[in-house]
Amino acid sequence: MTNIQTLIESKTHEMKNEIISFIQQLVQTPSLANDEGSVQKIIFDKLQSLDLQSEAIPVKFEDIKDHPAFNDDGFSPDSRINVIGQWNTDKKGRSLILNGHVDVVPTGPEKLWNESPWSGAVKDARIYGRGSCDMKAGLASGIFAIQVLKSIDFEPKGNIMIQSVIGEESGGCGTLTNIVKGYTGDAAVILEPTSLKLCPIQSGALTFRLTIPGKATHAAMRWDGVSAIEKFNMINQSIIELEKQRHSSFSVKYYESPERVAPINIGTIKGGEWHSTVPESVVVEGRFGVFPGESVSDARMAFSDHLKKVSNADSWLKENPLILEWFEGQFESGKTDVEHSIINNLKMAYEKVNNSSAKIEGVTYGSDLRLFTNHADIPAVLFGPGDVRLAHSANEYVEIEEVLTCIKIISNLIINWCEE
């Protein structure tokens, strides 16, 4: 182990309790959409304590609404902020963005949690609570990588920028604001939970709403009506088949399972008004997966054409067509070439810390990666501590050892990237 490696290892170990405490503080500060201000103040103060050039950036829909990647998430159009901290803005070497979001999803029923969703409890070498995995621990890893390097008097040749953003879960208005306002870099690491796999490829996800018509009548005369629930059941079965057909027609590398690249999911169902009435409408909402390399317009057309085909084969729906709407999150797919130098540098950093080969994998979810790759011409990769399967779940947690390993890897990446 080289001298600088020994120093990084030692300093990370020394800061372990401080790292845990900081992540706990972030988790214990609820930051649901539209309510991220308190946690952003904690981030801002932390970046200032590291002598970074720190700014609070207002997120205003008026500034980004005309951008092709804009998604109106239905929350405040002008009262939320991003936080940015920059290290060495006057340097001319290669620059790096470390990006993470502080908004979290709702907790669900608290009775499903062993402790409060906001406890930040430490148990069995894990930190528990909403946002611990997705992705406050990841964001903290980027911040503490800078703190570790500063503590050993390392000075990068290029600018290192921490971006703490809002709105990722509901469409990406935070990162999009930074892009529109001109905050840029030569590469970006988005510190999402990837179990420390390198993920430079993401599927897309388009939120949709289907309204399926029926014909109401008294349940005792059911045969005189048309059940919208029965019509939806037919449509839902066809959607399951469509998902299989789409996966058989696309060939995508770097995914763990070729049958699980761009899933289609029905998330909500609302139908009927009375138990003894044939339901006259059903409204369902879901997400339609977009394959890497597939355009949003092509994905929408594939779904629309499928629904028309199914409807035309049914005498009722042919005369009483369902309604398809696209709303809220419209996440494109995104990709960075796996041979790009930022991927190679991150692989080297991973292998230096772990003495093993890094794994490259595509992810099935939408993220802010596509904003960097598709709209800012910035190569980006998802990489961070935590298992994404725990994100959005009850008893969400992150492994402390994985956080410490991530800090060491990001520290090495900064040295590799900014010294070339």
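Biologist: In what order do the four strands of the open sheet stand, and is their pairing parallel or antiparallel?

Modeller: Strands of a sheet pair through backbone hydrogen bonds, in either a parallel or an antiparallel manner. In this predicted model, the order of the open sheet is β10-β11-β9-β12, and the pairing is antiparallel. At the edges stand β10 (264–271) and β12 (323–331), each of which pairs on one side only. On average, neighbouring strands of this sheet are turned by 20° against each other, direction ignored.

Biologist: Over how many bridges do β10 and β11 pair, and which residue of β11 stands opposite Ile266?

Modeller: Strand β11 (residues 281–290) and β10 pair over seven bridges in the antiparallel sense. The residue opposite Ile266 is Gly286 in β11.

Biologist: Which strands does helix α7 lie across?

Modeller: Helix α7 (residues 228–249) lies across β9 (204–213), β10 and β11, and runs at about 5° to β11.

Biologist: Is Gln40 buried or exposed?

Modeller: Gln40 belongs to helix α3 (residues 37–49). Buried means under 20% relative accessible area, so Gln40, at 0% relative accessibility, counts as buried. Leaving aside neighbours within four places in sequence, the contacts of Gln40 are Ile81, Asn82, Val83, Val102, Ser164, Val165 and Ile166.

Biologist: Where is the backbone joined by a cis peptide bond?

Modeller: The cis peptide bond joins Asp134 and Met135, with omega about -10°. Met135 lies in helix α5 (residues 132–151).

Biologist: What is the phi of Glu328, and what is that of Asp377?

Modeller: Glu328, a residue other than glycine, has a positive phi near 50°. Glu328 is placed in strand β12 and is partly exposed, with a relative accessible area of 44%. Asp377 is not a glycine, yet its phi is positive, at about 55°. Asp377 is found in the loop between α11 (369–375) and β15 (380–382), and is exposed, with a relative accessible area of 70%.

Terms used: Residues are numbered from 1 along each chain as its sequence is written. This is a predicted model: local features need pLDDT of at least 70, side-chain atom pairs count only at pLDDT 80 or more; totals for chains, interfaces and linings use all residues. Side-chain values use heavy atoms; hydrogens and water are left out. Two strands pair if DSSP finds at least two bridges between them. Helices (H or I, at least four residues) and strands (E, at least two) are DSSP runs, numbered from the N terminus. Axes are lines fitted to C-alpha atoms, for helices over the stretch in contact, and angles run from 0 to 180 degrees between N-to-C directions. Contact means heavy atoms within 4.5 Å. Buried means under 20% relative accessible area, exposed over 50%, partly exposed in between (1.4 Å probe, protein chains only).
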